[in-house]
Amino acid sequence: MALAAITTVVSAIFVAGGPAIAPASAEAPLAVANPSFESALVGGAIPGWTQPYGTFSLSSDASAGATSVELVDTNATAAAGLLSAPIAVTPSHNYRMVVDSRRIDTIGNAYMRYFDANNTLISSSVVQLSGSVGVWSTTTLAFRPPAGTVSASVLLYIGAAQVGSIRFDNVRILDDGRVANSGFETPLSAGAIPGWSVAYGSISDFQTSGAQKLTGGASLRMLDGSSSAASGLISDSVAVAAGDRLRVNAGVYRISGAPAMYVRFYNASGAQLANQSVGYSTVQNSWDSLAIDVVAPASAVSLRVLLYSASTSVTEAFFDDVSVSSQLTEETSAGVPLSTVNSAISLVTTTSGGDQVAYVASYGSPARISQIDAVTGELLQISPLPGSGGAWGLAVGPDDSVYIGGLSSGQLYRWVPGSGNAVQLGAPVAGETYINALSVDPATGVVYGGTFPNGHLFAYDPAIDATGSFASAVTDYGQPISGATYVRSVEVAGSKVFAGTATNAGLAVLDIPTQSVSPVSLPSALTGSAFAYGLTAAGGYLFVRAETPGKAAAMKLDTGAWTVLGDSLGLFASPANDDGDVYLLGGDNSTLLVFDTATATTTTVALPDGVMTMRKPAWIEITGDADYPGQTLTWLNTIGQLHHFSPDTGELRVLETEVPQEPATIHGASATPDGDVLLSKYVSGGVSSYDPVTASVTNYASKVGQVEGWVHAGSTTWMSSYTKASVWEFDRAAANTGSNPAKLFDLESEDQDRPMAFTGLADGRLAVGTVPVYGALGGTIAVFDPSATPAAPTVYPAPTADHSVVALTSRSESGSEYLYGGTSIDGGLGSVPTGVSGTVFKLDPADGSVVWSVAPVSGERAFPGVTIGSNGNLWAIGTGTLVELDPSTGATLRTRQLAPVSTAITWIGSSISSDGAGKLFVHAGKRLFAVNESDLGVYTVATGVDVVAMDFLNDRAWLARNTALSWVDISAL
């Protein structure tokens, strides 16, 4: 397979083309020919300069580089001067000419001369050179070219009345854009900051400072020390026309308070119009980009930018690079394309009245608990769970009360179906945010549960709560396993309560009569796993599933003897049926393990089709259906589908239920070669296709987990998904069946879980980079041939010890293939990093040898995106820093801060690609940027973005924000 046929996507995809992008900052340098006079003389002349009068010589005394020019005037009645080659300028922009000079023994000036299209001089601006005699000094001339100007030239000058010499060096023209003194490089003068006026407070609230600066040598420091008076600095007017689509941007470094930026419009009389827009900086102790997109209202002729701290806010902040530019792109909504039942936990049961029902706890705003008919899937009752966005813990008491453990809020709920909505009982353990598991003692009705992030076991006695208080009804047993962050599963078995912990799998038991807690040794096949999960008491045994890797075992409750059942996807085992058999999902999604509790032996049963997962199952009776005689194994998966399986006939059916769907968060997106956009849902995963022509959605492949990476070739898409670092092959042109998509392999045996990086090689092989399981450090790179049967991967350890591999790209060099990538210091959840900074590397996929590995930015904990630029260099994006590296050595060539550097755990959130024509498309800090490789000029395409997928055949950038999908026309870039 040729490389040209492969499109790679990891969290986002990019490839493209386009033109004008805003400068790298609001103070972009214009090209001045031979600005430091380093070029050798040609025919006695200085390249890039002409000499209308006087004499000159080159000097080795320089402020920059190795050479300066010395202008000499020996005639008291004639001037001396050097004139630069013409420089293209825009009349509406504000500029600064900056020059270094050393006055040897006279005074001098620097001019800007403005020329029209016929090269006729229009006018000039002038500034006298600063500094003492004999000292290198810097002089700045702020200017705005007059109307009709198409070019300008710098004139270095000694007047006719003067005699002597001056050395000049490092001439530069900086474009401040449409905002005067946009970077505050021109300092306070005569009690004012040029280009700006005090609108609130006093000038003492503001100063130009070099303590923090985004670009250049200075920024504006705002120090509002009053909690009762506002501070505000407003720009000079910027000309606009009604209907102009504009982007106003500023760099903000917030130390404290609430720095804000307002955009105000004015009419021809100078009166402020009602329309104004505001943006606030929320990032602390890091440079952030504050962008506001506005449309100039009717009758607007100008705008002004107000940098502001409210009267109630005590603020210290820095502002830099304030700019006003035309919006080059426009965004169009595609609506909310995905919906799903997103359920982490469900159970099937028979009520005390004999009704066969299932309970489904689903994510939402708020979360909900639904009761459905376990035979038909019909919705019977539903209740919101206020204050919680989801649930993991779910159990039913002997009185049919349903108990639910909330996420984020750490709240325990009770729902009595038929009596109204669920009741929020309270938080059993202070400081715990998740209730991960619940189980009820059928003899007493006492509820036992487990928590995160400190891994507590607790009990709640509703009888005590009925006569006393919630607090008095709770017993906190603390950590049943010291150091555990999760109690992930809880199960009552007679007078015992078992607790499965993580992130290093452990098992503990609470003896109810004595209230003592003690550890239980797991069998060796389960030790070293991340979770002890899916605890189920059935047929005199306690069933445990370890994750990851996923293996199941059963402990005889009266002897403590263990039997290892084998690989299992879980999550829970069934009760024992009338034959004494316990069923649970096997090592793949089309096999059931059957454990005979009488003989302690395990057999397998093949399912006719693959299934996703098995939450808490049970046995029900389906009357009048010949396909399901006797007991039917019944369960739900994470998207609320109801499953019936008959051990007698081998029949399996999957029913869509009436559990209400919620808009689904878009976790991954990828534009295919045929123009559709593939989408994957957060948590519940699966693959859906959005057709932009018909605005229709087709749901495929629900058995595929949360997709992390995509690679396309023709009608074939390969996907890497969480969990188990699974890799799938999907023929988009064929029917979606049990074998399409087909799972090629997973890396569970390598203790890998999240395949965040995915790329293609020119020879048709694919490579996947991974994050390990919960609690573990150290990812891998797996290289495989998808056309081979089986597609067995060759697995190499991460190039940096204890790091995860979160970005990959490839390139052919002199007939050999190489992988380039980025790492994260973070491993699986619950792990503690040993490193400080993520690395970028080059690796030989033939043997896994590392050519080089570097940490280009100290403190950048991850580099989730890498690409080869059109200039042949390697580019990497951290959480906020763009880096250009030499692909041969890994040496850093240039860096550019695009977004604040994150200190949070990082595997994704940034990506990068080159269009092959000098432009980079970078997703970082929830923004999409287009960046010029040449000067690192930046245009912010969109903000607040979670997921990006680029379709350059149709000039579209697809953007996902939570559940919403939209697209931006990028043809103007």
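This note sets out numbered points on the architecture, strand pairing, aromatic contacts and selected residues of a predicted model.

1. Overall composition. The protein chain contains 1 helix and 81 strands. Its C-alpha trace spans about 115 × 70 × 50 Å along the principal axes. Of its 973 residues, 57% count as buried. Among contacts with a separation of 6 or more, residues 24 or more positions apart account for 58%.

2. The sheet S63 to S66. Four strands form an open sheet in the order S63-S64-S65-S66, and the pairing is antiparallel. Strand S63 (752-760) and strand S66 (794-797) are the edge strands, each pairing on one side only. From one strand to the next, the twist averages 25°. Within this sheet, strand S64 (residues 766-772) and strand S65 (residues 780-784) run antiparallel and are joined by 4 bridges. Val-768 stands opposite Ala-782, a residue of S65.

3. The sheet S71 to S74. A further open sheet of 4 strands is ordered S71-S72-S73-S74, again with antiparallel pairing. Its edges are strand S71 (865-868) and S74, each of which pairs on one side only. Here the twist averages 15° from one strand to the next. S71 pairs with strand S72 (residues 874-877) over 4 bridges in the antiparallel sense. Opposite Val-866 stands Ala-876 in S72.

4. Strand S27 (residues 343-350) is mostly covered, with 6 of its 8 residues buried. An antiparallel arrangement with 7 bridges joins S27 to strand S28 (residues 356-362). Thr-349 has Val-357 in S28 as its bridge partner. The two strands, S27 and S28, form a hairpin with 5 residues between them. In the turn, Gly-354 has a positive phi of about 90°.

5. Aromatic pairing around Phe-531. The structure holds 28 aromatic pairs. In one of them, the ring centres of Phe-531 and Tyr-774 are 4.4 Å apart and the planes stand at 75°, so the pair is edge-to-face. This pair links distant parts of the chain, 243 residues apart: Phe-531 is in strand S43 (residues 531-538), whereas Tyr-774 is in the loop between S64 and S65. Phe-531 and Tyr-774 are both buried.

6. Tyr-690 lies in strand S57 (residues 685-691) and Trp-958 in strand S80 (residues 956-961), and the pair links distant parts of the chain, 268 residues apart. Tyr-690 has a relative accessibility of 6% and therefore counts as buried. Trp-958 is also buried, with a relative accessible area of 2%.

7. The aromatic cluster. Which residues form one aromatic cluster? They are Tyr-434, Phe-452, Tyr-486, Phe-531, Tyr-533, Phe-572 and Tyr-774. Both partners of the pair in point 5, Phe-531 and Tyr-774, are therefore members of this cluster.

8. Lysines over aromatic rings. Lys-556 lies over the face of Tyr-541, at 5.9 Å from the ring centre. Lys-842 lies over the face of Tyr-818, at 4.6 Å from the ring centre.

9. Ser-910. This residue lies in the loop between strand S74 (892-897) and strand S75 (911-914). Ser-910 has a relative accessible area of 4%, below the 20% cut-off, and is therefore buried. Its side chain reaches the backbone oxygen of Gly-878 at 2.8 Å. With residues up to four places away in sequence not counted, Ser-910 touches Pro-864, Gly-865, Ile-877, Gly-878, Thr-879, His-923 and Ala-924. Among these, Gly-865 belongs to S71, and Ile-877 belongs to S72.

10. Gly-225. The loop between strand S16 (219-224) and strand S17 (231-235) holds Gly-225. Is Gly-225 buried or exposed? With a relative accessibility of 68%, Gly-225 counts as exposed. Gly-225 and Ser-309 are 84 residues apart in sequence, and their C-alpha atoms are 9.9 Å apart in space.

Methods. Residues numbered from 1 in each chain as written. Predicted model: local features only at pLDDT ≥ 70, side-chain atom pairs only at ≥ 80, totals over all residues. Heavy atoms only, no water. Pairing = 2+ DSSP bridges. Axes fitted to C-alpha atoms, helices over the stretch in contact; angles between N-to-C directions. Phe/Tyr/Trp six-rings, centres within 6.5 Å; stacked < 30°, edge-to-face > 60°. Buried < 20%, exposed > 50% of the residue type's maximum accessible area, 1.4 Å probe, protein only. Lys NZ or Arg CZ within 6 Å of the ring centre and 35° of its normal. Polar contact = N/O pair within 3.5 Å; in protein donor to acceptor, adjacent residues only side chain to side chain. Contact = heavy atoms within 4.5 Å.
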